[in-house]
Amino acid sequence: MGHLVCGELSLAALRRYAGGIMTTTQHIFDTTIVTCVDNDPVVLKNHSIILEANVITRVGPTNDVERELASRSDIERFDGSHHVVIPGLINTHHHLYQSLTRGLACVQNAELFDWLTELYTRWRNLSHDTVKLAAQVSIGELLLSGCTTTSDHFYIFPQNTDVRVESVLEAANSLGMRIHVCRGSMSVGQSNGGLPPDDCVQDEQEILADCARAVDSFHDADPMSMVRVDLAPCSPFSISPELLRETAVFARERGVLLHTHAAETLDEERYCLERFGKRPIDYLAECDWLGDDVYLAHCVHLSNDDIKLLAKTKTGVAHCPCSNMRLGSGVPAIPQLLREGVRVGLGVDGSSSNDGGHVLAEARQAMLLQRVGGGAAVMTTADAFRIATIGGAQLLGRKTLGRIAPGFAADMAMYRTDDIALAGAVAQDPLAALMLCHVGRADRVYVNGQVVVNEGRLTMQDERKLALDLNQIVAKQFR
Ligand SMILES: [Zn+2]
């Protein structure tokens with residue numbers, strides 16, 4: 001695959017890329033599968049998975065599958081007897097560019113508003129090249145954890161820079177990640193009572209024009225698409241109610257999803273009460289921003305009525321436990337949201353507020369966070385697995401992601417059963433091993449039928465070079 005430069009990326013190019021997958025039939029045999037059937041995880045031992053190009057076509061006991069395939073000689077075989085295979089994990093909230101300011105000393109102990117105010121002064125220096133490199137690092141880290149689809153909430157387009165959604169799309173393309181790029185936006189700067197500096201916000205007509213360009217150029221509604229474009233004004237304290245409403249109208253005309261931050265901190269709640277006379281979820285409802293085409297990051301500070309409203313409107317929640325802990329934002333009521341039938345997915349959030357992009361570790365953290373104060377039964381390993389797989393797929397409106405079953409995309413993560421970190425547990429209960437133990441790297445990861453991680457290394461980029469290049473740029477420009 002050729003290197004794509006800014007300006008050359010097109011939907012046609014991305015489709016070619018999505019079509020550049022192995023065309024052979026692949027057979028993973030004698031393996032252990034953990035996947036949800038209906039709503040519950042099951043463990044299938046001595047099983048086989050057949051991939052035809054980018055789709056799973058058969059899952060069954062290896063003995064049966066071997067018999068069916070006896071006459072075929074054109075099949076590539078992979079011995080999965082030392083692996084547990086799960087559906088590729090789905091990350092529903094991230095800011096991939098933030099690896100540029102990961103671990104920044106002056107905000108290590110800051111809460112959201114102070115953290116943002118300091119970071120805007122670094123982010124105003126973003127460029128296409130720095131965003132692309134940072135996104136490659138963040139995506140590489142996600143893939144190595146077993147994540148195969150990520151959403152990226154990319155909301156900062158500083159004035160007089162060449163930053164565009166292509167910066168992120170080129171990064172995803174270069175590593176083989178399936179992506180929902182959320183064309184974000186900020187329009188209310190400090191001089192108008194917002195939080196971001198004026199040179200980090202854009203004119204609202206310019207924003208809407210670029211949202212239209214991004215959707216027209218890159219959004220692919222195909223069930224197996226590698227790229228979708230969602231629209232994502234940043235937050236109540238950086239966007240006007242008019243832009244929120246106009247974005248929703250436009251997204252619904254084009255059939256794309258809506259995403260934003262909501263009810264993350266008590267500072268945000270105070271801001272909404274002072275400026276709009278309403279708490280965040282009521283404010284979003286007033287702007288026509290609830291529905292089955294909306295997913296909201298965080299939702300930490302919800303009333304019982306808010307939760308009922310999210311359930312009634314089928315609005316989704318992207319839960320980001322590490323970020324909520326890192327910024328001291330609070331503990332969202334995930335068990336209650338799940339009980340009430342709210343759609344919940346999992347997100348690692350940006351690399352400056354987590355600061356690790358390991359989706360399996362995030363699922364474990366989600367479960368452990370609820371057990372602090374809630375008791376050990378409040379969130380189970382099955383709950384954690386669900387939100388990291390089928391929950392994320394539901395949030396992103398992807399009916400062919402999140403399970404290992406015929407007709408689903410060939411997106412899978414394989415972890416070695418001879419990894420010392422899983423030893424013992426994996427012989428007891430493979431699901432529990434993945435959710436309770438400290439899991440390092442996935443050994444082999446497939447996205448769209450293509451092997452993007454092999455023997456624990458990225459196959460499409462040199463990860464050491466990415467890391468060293470990022471270190472160099474951070475040391476020079478982002479400290
Ligand atoms: Zn975020």
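Predicted model: local features only at pLDDT ≥ 70, side-chain atom pairs only at ≥ 80, totals over all residues.
View 1. His95 lies in the loop between β6 (89-91) and α3 (112-123) and His261 in strand β10 (residues 258-262), so the pair ties together parts that are 166 residues apart in sequence. Both His95 and His261 are buried, a term that means under 20% relative accessible area, with exposed over 50% and partly exposed in between (1.4 Å probe, protein chains only).

**View 2. The two sides of helix α10.** Helix α10 (residues 304-313) has Asp306, Ile307, Leu310 and Ala311 as its buried residues. Seen down the axis of α10, these buried residues fall within an arc of 135°, so they line one face of the helix; the arc is that of the directions from the helix axis to the C-beta atoms. On the other side of α10, Asn304, Asp305 and Lys312 are exposed.

Helices (H or I, at least four residues) and strands (E, at least two) are DSSP runs, numbered from the N terminus.

**Notes.** Residues are numbered from 1 along each chain as its sequence is written. Local features need pLDDT of at least 70, side-chain atom pairs count only at pLDDT 80 or more, and totals for chains, interfaces and linings use all residues, while side-chain values use heavy atoms, with hydrogens and water left out.
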